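Subject: Structure handover

Hello,

Here is the structure I promised to pass on. Please open it before you read the notes below.

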Amino acid sequence: KVENEDKNEVDEVQKYLQINANNSLESVSTFWKTNNISYEEKIDLSNLKNKIWILTINYSSTLLTSILDWINYLASYPYWCSEQVTSAIMPNIYIKKLYNTLDKEFDLSSKMVDYWDSAEYWYLQKSIDDLIKEYIVNIRKFQNLDWWFVYFNDISWTNFSNFSLTSYILESASEIKSIWYSLEDSIYFDSIDYLKTRFYENKIEWCIISENRDCKYSEIDRLKSIGAILSYTPNDYEAYKMWKLLDFKNTNNSLELEKAKVISSLLKLTWLSSEEKEILSSHAQDIVNKILNEELVFNPKWAYLWKNTYYSRLENTSLLLEVVSNIWLSNFENISSIIDNINRWLISQKENWSFGSTQDNILVIKAITKYLEASGELDDVKNFTKIKLNNNIVDEKNFSSENNLEVYTKELDLNTLKDNNTFWIEKAWDWTIYYDLTLNYFKEVEEQ
């Protein structure tokens with residue numbers, strides 16, 4: 001800062017200096033639920049060399065306790081492509097819809113998140129309402145002249161539209177419209193028209209047909225286009241005709257689950273005969289039962305599906321949870337313990353507040369919120385809960401229909417923790433309580 005006292009002039013220069021830390025933040029978590037009136041878990045910190053740590057305790061009557069930090073992670077990550085900016089806002093859309101099903105308020109204009117603005121301003125706070133409104137304006141930049149969507153809007157080479165991406169953005173935009181935010185109708189209908197056109201043409205835009213390449217879309221991508229169309233026009237007769245045209249010569253878990261997911265949407269067609277609905281419903285249940293009986297990896301702690309050439313273990317397992325929730329949990333025998341273990345495995349894949357890719361985070365959050373809507377586990381909640389650490393009461397809450405979606409958090413610093421700790425949950429009744437213990441600690445660089 002320079003001042004000229006004679007002329008009363010001031011000149012200022014501001015410069016940011018990057019400070020490199022000599023340690024890195026790491027985290028470990030444990031998650032589960034208990035129906036017992038009294039529950040105990042040991043926390044051993046004796047193997048940590050340093051004593052710079054924070055233990056975060058989240059607890060709730062809902063599985064939401066373990067997905068809220070992923071939602072914040074998605075909102076705060078610096079995004080560039082159309083898939084990423086879409087994925088950044090979708091978790092809060094799913095949470096809003098969950099609240100709506102329970103007739104509860106989830107005010108998006110008062111929910112603030114830290115979002116990446118630029119290298120100049122770094123992170124700023126903004127309401128989810130503002131982020132959605134900005135998204136509705138900015139997503140138009142990613143539409144080509146053919147009205148399909150592209151990943152990047154500012155590249156110099158030929159930028160082909162993407163069939164799968166357009167399906168994803170159309171389905172997401174339809175979810176957004178269901179909570180009263182909307183793009184122009186022409187954008188939805190133009191996208192649907194082009195999805196149908198490309199579905200029938202069945203040729204990847206940029207692809208050159210050769211002896212080893214037929215340039216056709218995968219059956220999974222074609223299934224997703226049907227699902228996207230039905231998400232906006234749930235009574236679309238042509239979508240059913242498109243379904244009937246599909247020829248599934250090769251099959252795997254991912255393809256079968258995508259089929260069952262589309263069937264759950266087709267069953268909402270009002271003009272479909274009861275006989276046709278019965279056939280579709282039976283087919284979807286057969287798909288899921290076969291996977292549960294023959295493909296599911298199950299042990300006392302968790303359950304998951306193996307990866308294949310299409311999807312990872314996380315993607316397949318999330319899709320299974322979503323499909324089972326869509327077709328209704330009561331249609332499957334002994335499903336409760338399986339779903340519990342699937343949820344536990346999914347949560348266990350969290351690392352440093354996320355699953356890695358935006359799509360992986362979205363798949364898990366969507367699947368879990370769909371499960372919460374379908375399971376009814378939030379109905380008539382009544383519970384008084386005490387959270388204790390080393391015989392000291394950390395927090396206590398009375399859970400009811402008024403706060404059954406609330407997640408309560410307590411942070412305990414190093415002064416509260418010892419090398420060996422005991423975490424307790426005590427309840428007045430045998431209602432379910434979910435808990436998530438996350439230990440954040442700094443690890444010296446030379447230790448890595």
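This is a predicted model: local features need pLDDT of at least 70, side-chain atom pairs count only at pLDDT 80 or more; totals for chains, interfaces and linings use all residues.

Residues are numbered from 1 along each chain as its sequence is written, and side-chain values use heavy atoms, with hydrogens and water left out.

Helices (H or I, at least four residues) and strands (E, at least two) are DSSP runs, numbered from the N terminus. Buried means under 20% relative accessible area, exposed over 50%, and partly exposed in between (1.4 Å probe, protein chains only). Two strands pair if DSSP finds at least two bridges between them.

Now phi. Most residues other than glycine have a negative phi.

Trp180 has a positive phi, near 75°. Trp180 sits in the loop between α4 (163-177) and α5 (185-201). Trp180 counts as exposed because its relative accessibility is 81%.

Asn390 also has a positive phi, near 55°. Its loop lies between β10 (383-389) and β11 (392-399). These strands form a hairpin with 2 residues between them. Asn390 counts as buried because its relative accessibility is 17%.

What joins β10 to β11? There are 7 bridges, and the strands run antiparallel. Lys388 stands opposite Ile393 in β11.

β10 is also joined to β13 (residues 420-427) by 5 bridges, again antiparallel. Here Ile387 stands opposite Ile425. In β10, 5 of the 7 residues are buried, so the strand is largely enclosed by the rest of the structure.

Best wishes
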